[in-house]
Amino acid sequence: MKIVYVLCSLIFIISFFREIKGDEGENSGVYIVYMGAASTSRDNHDLLLTSLVNRKSNAVVHNYQNSFLGFAAHLTDKEAKDMEQKPGVVSVFPDPILKLHTTRSWDFLKYQTGVETDFKPKARSNAASDLIIGVLDTGIWPESVSFNDDAFGPIPSKWKGTCMEGRDFTPENCNRKVIGARYYKTIGDYNTPRDMNGHGTHVSSTAAGNTVSNASYYGLATGSAKGGFPGARIAMYRVCGARGCLGSVIMKAFDDAIEDGVDVLSLSLGSSAGFGPNFHRDPIAIGSFHAVEKGIMVVSSAGNDGPNRESVVNVAPWILTVAATSIDRDFQADIVLGDRTVIKGGGINFAQINKSPVYSLRYGSSVKRNTRIYDEGDARNCIPRALDINKVKGNIIVCEHEDGIYTVKQKYKRIKRLGAIGMIVVSDDARGVASSTGLFPMATVNRNDGRKIVSYVKTSRKPVATILPSVSMTGYKPAPVVAYFSARGPSFATRNLLKPDVAAPGVAILASWPAKDSVATLAGKNPPQFYIISGTSMACPHVSGLTAMIKSQNPDWSPSAIRSAIMTTASQTNNIKKPITTNFGSIATPYDFGAGQVASSPLQPGLIYETETIDYLHFLCNVGYGVNRIKRIASKIPPNFSCPDDSNENLVSNLNYPSIAVSHVGRKGKRVTRTVTNVDGDETTYTVSVEAPKRLVVEVKPSTLEFTEKNNKQSYEVIFKANGKLSEDNFGAITWSNGKYRVRSPFVVSK
């Protein structure tokens, strides 16, 4: 079987790199030509576009002409290389295919059931407002009760967008809640803003859905479902289809959304882990830069390729990047053994089998096919085709999940097809994130409980068991826990900028779902109005809604001010008053959850870290961009702007960011500066405190900051020194407090 494993591994690796190559642009010769800000290269853009159309009339796929310039077109490789040399061109790159940030291959999570999130804004925060959240996703199901517009006044006068007509969708489907809906043509897909997937409806209602009482998934976890800011309006930009999310389409949606007048943009999608392109070749980084220049906050998911180190994506400093955590609800599917032992399993099933332990229980290794192709380990892990149908049929099968090749979903489908009565999966990861198998009895258990079940099977003369229907349990502890799938830092782009920024609920999130979807519907039942999926996709819109709520109460705050408020008020403790942990039980670090779990009302941060466009331009200098390219990218730039002669990646640490990341600190130390702005009206003094490991000496100068009035600014310096050579990354925090506010900034010192 080792030979089979090697072959499978080789096939997996080849497929993986083909997928990466596909992400980089296997797209029938479509290239994106990016030409920077609309104020810098309008003439060059028009000339280049006209020349191309004259030569190839049907070449242009999309034209970007509002907040930034460029186009997507069918080009040969030679034409693309020649295009890079044309005046005004910043970059030319193949049209990438990005993906939604629901969990990997829908493994474990596609069929999950609901919970109410920890977000409970005050009543006044739920009032209808004119704030508009633009969502780039798979479309929307406007008939959902979450998008009822009864409480809303007229559409804001600032709105310049549209409600496009498409398949099974008319302008009348929009209302005073869902005020806009656009779609963009993609290959082999429906031409409509209507959501044919479910993901876009789910994230939209998570961000801004109305409060709906007695929401549930077929009666499980009944409660209220509501968005992070129910008072916000929604504008949907359907950028994802059956093939994924094309970069050229995402850029077009950014261009439209900025012009339409949105206040917040929410993107639960991105590239593959560790393979993100340079910022000038990344559609999300490009679009979000121009949005932030216009004062629009951009929130995006961190990705689902965790728990691998350096897997976080959407790492540009002008994006608020969100990791995923669990909440305090557990879905239990109890397993009753023949000796009356009850094991508290997990998952969601609506099993209708006998509740007494009368079904034969067999371990995977005992139902192996009689073949040399598969060994005992394959059978123990329930590898598809390793099991004998005659031995599986009519039994409950216990399966390990250690192979790392096949998903739980693949194994479940095979076990069910072979005629098993039920299935028990032994996996810490699967137990941490509930999955649904509809009417099929399945439960997941952690390794400790798995050993108890296997021991019973091996020592009992006639082992039997049953699996009970799932129930939801509230007050689960500890919570939150960083989800195993949530992408981790450090950033692949630079060690001197910490990503992700924060974490939010992303496991088992109940939200609206298209009424005609068959995947979520149980046999013999009407389609559910709400459904559960998990991923950083679900964490992102929580923060998007929170961002809109903050903006509604602080209309003059910039995107960086809002980001600072969210990050510096985040929590690092769980519901048992101990440090938040990962799914593996270890204490979470800033690489896992950034500044921490977002608070439900970070509206009074005391101090904020403001990052101006000029700071982002210096960031680009420090990561290697030349001044000529930077001048083409930015719409507003000082006429005498130049990159400092000493620009280098280490200076990225001086970006005025709410977190701090430095690398290669020795005994001589490194110095980092920050500037904070007082957003409270009182004269006040803040005192610093430092959390640092023994291997580091961290000094802050000055140790007190005095403010005489609102909007006063003060700067401080942090000096990092190492006590000897650092063998691992080190984490800590700097907190400023005046007795009323605590303004916390995490730091990481990488080896």
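Good morning. I begin with Ile373, which lies in the loop between strand S19 (359-363) and helix H7 (376-380). The structure before you is a predicted model, and every value I quote is computed from it. Is Ile373 buried, exposed or partly exposed? Its relative accessibility is 46%, so Ile373 counts as partly exposed. Ile373 and Gly153 are separated by 220 residues in sequence, and their C-alpha atoms are 67 Å apart in space.

Let me turn to helix H13, residues 559-568. This helix is mostly covered, with 10 of its 10 residues buried. Among them are Pro559, Arg563, Met567 and Thr568; the buried residues of H13 also include Ser560, Ala561 and Ile562.

I now come to the aromatic residues. How many aromatic pairs does a search of the whole structure find? The search finds 18. One of these is formed by Phe720 and Phe747, in an edge-to-face arrangement, with 5.2 Å from centre to centre and 70° between the planes. This pair links distant parts of the chain: Phe720 belongs to strand S36 (residues 713-722) and Phe747 to strand S38 (residues 742-750), 27 residues apart. Phe720 counts as buried because its relative accessibility is 1%, under the 20% cut-off. Phe747 is likewise buried, since its relative accessible area is 0%.

Elsewhere, one aromatic cluster is formed by Tyr217, Tyr218, Phe350, Trp513 and Tyr531.

Finally, I draw your attention to a contact between a charge and a ring. The charged end of Arg194 sits over the ring of Trp141, at 4.5 Å from the ring centre. Thank you.

Key: Residues numbered from 1 in each chain as written. Predicted model: local features only at pLDDT ≥ 70, side-chain atom pairs only at ≥ 80, totals over all residues. Heavy atoms only, no water. Phe/Tyr/Trp six-rings, centres within 6.5 Å; stacked < 30°, edge-to-face > 60°. Helix = DSSP H or I, 4+ residues; strand = E, 2+ residues; numbered from the N terminus. Buried < 20%, exposed > 50% of the residue type's maximum accessible area, 1.4 Å probe, protein only. Lys NZ or Arg CZ within 6 Å of the ring centre and 35° of its normal.
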